[in-house]
Amino acid sequence: MSVTVRYFAGARAASGVDTETWEAATLDQLVGQIVDAHGERLERVLTACSFLVDGTTTRDRALALSPGAVVDVLPPFAGG
């Protein structure tokens, strides 16, 4: 199933893109694919990231993704 990934801040810098589309059934599968595609730099950033799946925060990598889901990759933000 197709899901949209949107990268923010340091995750955007590490991936080199703002948005992309992947085929993944779970968040874990998706993370594996984006790490394989973008490499070690993004993998390091992802260790500190949280994920929003269709607007809901999760760290559960086993989470099943719905067709058309939007996954936001959010590194910690500085400031207030």
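Modeller: Contact here means heavy atoms within 4.5 Å. The model is predicted.

Biologist: Leaving aside neighbours within four places in sequence, which residues is Val73 in contact with?

Modeller: Val5, Arg6, Tyr7, Phe8, Ala11, Leu46, Cys49, Ser50 and Phe51.

Biologist: What makes strand 5 largely enclosed by the rest of the structure?

Modeller: Burial. Four of the five residues of strand 5 are buried, so the strand is largely enclosed. Asp72 is an example of a buried residue, with a relative accessible area of 7%. The cut-off for buried is under 20%, so Asp72 qualifies at 7%.

Biologist: How do you know that strand 1 and strand 5 pair?

Modeller: Pairing needs at least two bridges. Four bridges join strand 1 to strand 5, so they pair. The two run parallel. Val5 stands opposite Val71 in strand 5.

Biologist: And what makes strand 3 a partner of strand 5?

Modeller: Four bridges again, against a requirement of at least two. Here the sense is antiparallel. Val53 has Val71 in strand 5 as its bridge partner.

Biologist: Why is the link between Asp72 and Arg6 called a salt bridge?

Modeller: The closest N and O atoms are 2.6 Å apart. The limit is 4 Å, so the pair passes. Asp72 lies in strand 5 (residues 70-74) and Arg6 in strand 1 (residues 2-7), so the bridge ties together parts 66 residues apart in sequence.

Biologist: How many salt bridges does the rule give?

Modeller: Three. One of them joins Asp18 and Arg12, at 2.9 Å from N to O. Asp18 is partly exposed at 47%, and Arg12 is partly exposed at 34%. Arg44 and Glu40 also meet in a salt bridge, at 2.8 Å.

Biologist: What separates Arg44 and Glu40 along the helix?

Modeller: About one helical turn, as the two are four residues apart in helix 3 (residues 40-46).

Biologist: Why is Glu40 called exposed?

Modeller: Its relative accessibility is 55%. Exposed means over 50%, so Glu40 counts as exposed.

Biologist: Which residues touch the most other members of the largest nonpolar core?

Modeller: Tyr7, Leu30, Leu46 and Val73, out of 21 residues. Elements giving two or more residues to this core include strand 1, helix 3 and strand 5. Helix 2 gives the most, with five residues.

Notes: Residues numbered from 1 in each chain as written. Predicted model: local features only at pLDDT ≥ 70, side-chain atom pairs only at ≥ 80, totals over all residues. Heavy atoms only, no water. Salt bridge = Lys/Arg side-chain N within 4 Å of Asp/Glu carboxyl O. Buried < 20%, exposed > 50% of the residue type's maximum accessible area, 1.4 Å probe, protein only. Core = buried A, V, L, I, M, F, W, Y, C linked by side-chain atoms within 4.5 Å.
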